[in-house]
Amino acid sequence: MVGTGPVGMALALEFERLGRDVLVLESGGLALNGPAVDNPAAEASRASIADTRRHAPMELAVCRALGGTSWTWGGRCVPYDDVDFLDRAFVADAHWPVTHDEIRPWYKAATDHMLCGSDTFDFPYSRQLTDGLTVDFVERWAIESRLILLHREKLLNSTHIKLSLNSTVTGFNFSQDGQTIESLAVQTPSDPIRVKARQIILATGGVEATRILLNVQKKAPQYFGGVDGPLGRYYMGHISGKIASIRFDRPADFADLDFKLDVNGSWIRRRFMLTTEAQVENKVLNTAFWPDNPPFYDPGHRSGVLSSVFIALAFPPVGRKLLSEAIRLAHTGPRPYRLAAHLRNAIFGAPKGALDIYRILRDRFLRKPKKPGFLVSNSGGKYALHYHAEQVPNAESRITLSSDPAETDSFGMARAAIDLRFVEQDIDSVIESHNLLDKALRSNGIGHLEFWYSGAKLRERIWDQAADGFHQVGTIRMGTDPKKSVVDPDLKIHGLTNLYIASSAVFPTAGQANSTLLAGAFAMRLAHRLAGHSADSPTSKATL
């Protein structure tokens, strides 16, 4: 198995629980030395990005160390929704070869390994809502987002898990008939070696798994659907941001959508969503919404608390202790920082905001598990509204290899060339989903939206927010036709007997959810299949 991020750790631990031996190859070392952006091992992940407005630097998006991106993961666990698995006529190239019911039983083992308390995500609201609105579904957070801190001893001391650190896969060695991988070409600090195994699983991030396969295909173009085939195409993430405020008719109703600690000891939060029926009827993509603070970096909010938080985040040694680097940069916004205005807010708001600041620090540093975020409540019941929206599959949104011979990493592998593209349908759906939500909030007596922009400016702002790089979906897509997909419904590469992909890269659609939990559920299903158990349902519950 290759990779030790959240999905890789879950896979290794599940194999251990099933009594199966697994050798785990990790490109990085035992610990992450500083933030990902400063980690020397991150150099191997650097990529050429066609439009830097659309995609985060890969050195920021991934980590090469034992634990992988669990070092920077926010810990959010969200399942995909039933609508994501439907064949929607208005979403081209979005067919799943499995149903949600086939995958749903595997959320339990995935949530156990990802430490988010339970696989229950459906909590019926206190009253029935109409006009296509639902707040029945929650997202969960791991009790410790840096999963490696709680799983490390198990991984290091297991009798079934053998770890090989600083071991980077650089290629495959095929059998004479070309149908089996006989060994992996692996670079270690001392020498290149060959690693043999009966079954091989790539459990790296979506971009890295795609890059490995593209480098193999460069030398053996007949594999993975052929050159210019499905491999690397349909690269997706999400559009996420804010274009409106929500004002509650009854300010106290905001509490229904605030963070809550559930009986399993994990934090949960409800989101506003449109029902499956409303999405299909109105031909909009899947989107989740939740109340949030206004942008920290804009001192126009005049909040002493938010400006105090901004000042802390703007100072990297402090900010990186509060949030992962990617989230910190999103909250600090563009330079130059308006520090004088923030200092005025902090000074004049100090007496009133002191208690709020104490609570934030307590919940972030003293409380166990730490609260994943905070909201500064107000008596007017007005909050920024955050949206997290699906992106349509697009064959021209893709990952290839850099054509520049100088663009190779220290292992001699060609770097990824990333061209993440959004289309007008993505923007249209964000606007229409907000309009539908506004109508439903009003008809249910909950509140209404107040848009920050109108007309062309509204579209422009959504285009400005159309960027990702952390949710790496679609480039090794799943399907039954080898000409249109790379892996089959069991995650096995078409045409090979022993290579599997455990990554969000296999998903045909992006949904509204971040991809980690579903990737973990597919990984659990794969572990049981390879261990000789039924892949239709778990044979037993994971106990951690």
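Guide: Start with Gly-333, which has a positive phi of about 70 degrees just after helix H10. Helices (H or I, at least four residues) and strands (E, at least two) are DSSP runs, numbered from the N terminus.

Visitor: What should I know about the source?
Guide: This is a predicted model: local features need pLDDT of at least 70, side-chain atom pairs count only at pLDDT 80 or more, and totals for chains, interfaces and linings use all residues. Residues are numbered from 1 along each chain as its sequence is written, and side-chain values use heavy atoms, with hydrogens and water left out.

Visitor: Back to H10. Which of its residues are buried?
Guide: Glu-325, Arg-328 and Thr-332 are the buried residues of H10, which covers residues 325–332. Buried means under 20% relative accessible area, exposed over 50%, partly exposed in between (1.4 Å probe, protein chains only).

Visitor: How are they arranged around the axis of H10?
Guide: They fall within an arc of 60 degrees seen down the axis, so they line one face of the helix. The arc is that of the directions from the helix axis to the C-beta atoms.

Visitor: What covers them?
Guide: The cover includes helix H2 (58–61), helix H8 (304–314) and helix H9 (316–322). Contact means heavy atoms within 4.5 Å.

Visitor: Which residues does the cis peptide bond join?
Guide: Arg-335 and Pro-336, with omega about 0 degrees. Pro-336 is in the loop between H10 and helix H11 (339–348). As background, most peptide bonds are trans, and most residues other than glycine have a negative phi.

Visitor: Where does Asp-93 sit?
Guide: In the loop between strand E3 (76–77) and helix H3 (100–103). Asp-93 is not a glycine, yet its phi is positive, near 55 degrees. Its relative accessible area is 42%, so Asp-93 is partly exposed.

Visitor: And Leu-491, buried or exposed?
Guide: Leu-491 is buried, at 1% relative accessibility. Its phi is also a positive value, near 75 degrees. Leu-491 belongs to the loop between helix H14 (455–465) and strand E20 (499–501).

Visitor: New topic. How many aromatic pairs in the whole structure?
Guide: The search finds 17. Rings of Phe, Tyr and Trp (its six-membered ring) pair if their centres lie within 6.5 Å; planes under 30 degrees apart count as stacked, over 60 as edge-to-face and the rest as tilted.

Visitor: Why is the pair of Tyr-80 and Phe-85 called edge-to-face?
Guide: Because the planes are at 65 degrees, with the ring centres 6.4 Å apart. Both Tyr-80 and Phe-85 are buried.

Visitor: What about Trp-141 and Phe-259?
Guide: Edge-to-face, 5.4 Å centre to centre, with 65 degrees between the planes. Trp-141 lies in strand E5 (residues 138–141) and Phe-259 in the loop between strand E11 (238–248) and strand E12 (260–261), so the pair ties together parts 118 residues apart in sequence. Trp-141 is buried at 6% relative accessible area, and Phe-259 is buried at 10%.

Visitor: Which ring does the charged end of Arg-140 sit over?
Guide: The ring of Phe-121, 5.7 Å from its centre. Arg-477 lies over the face of Tyr-234, 3.9 Å from the ring centre. The test is NZ of Lys or CZ of Arg within 6 Å of the ring centre and within 35 degrees of the ring normal.
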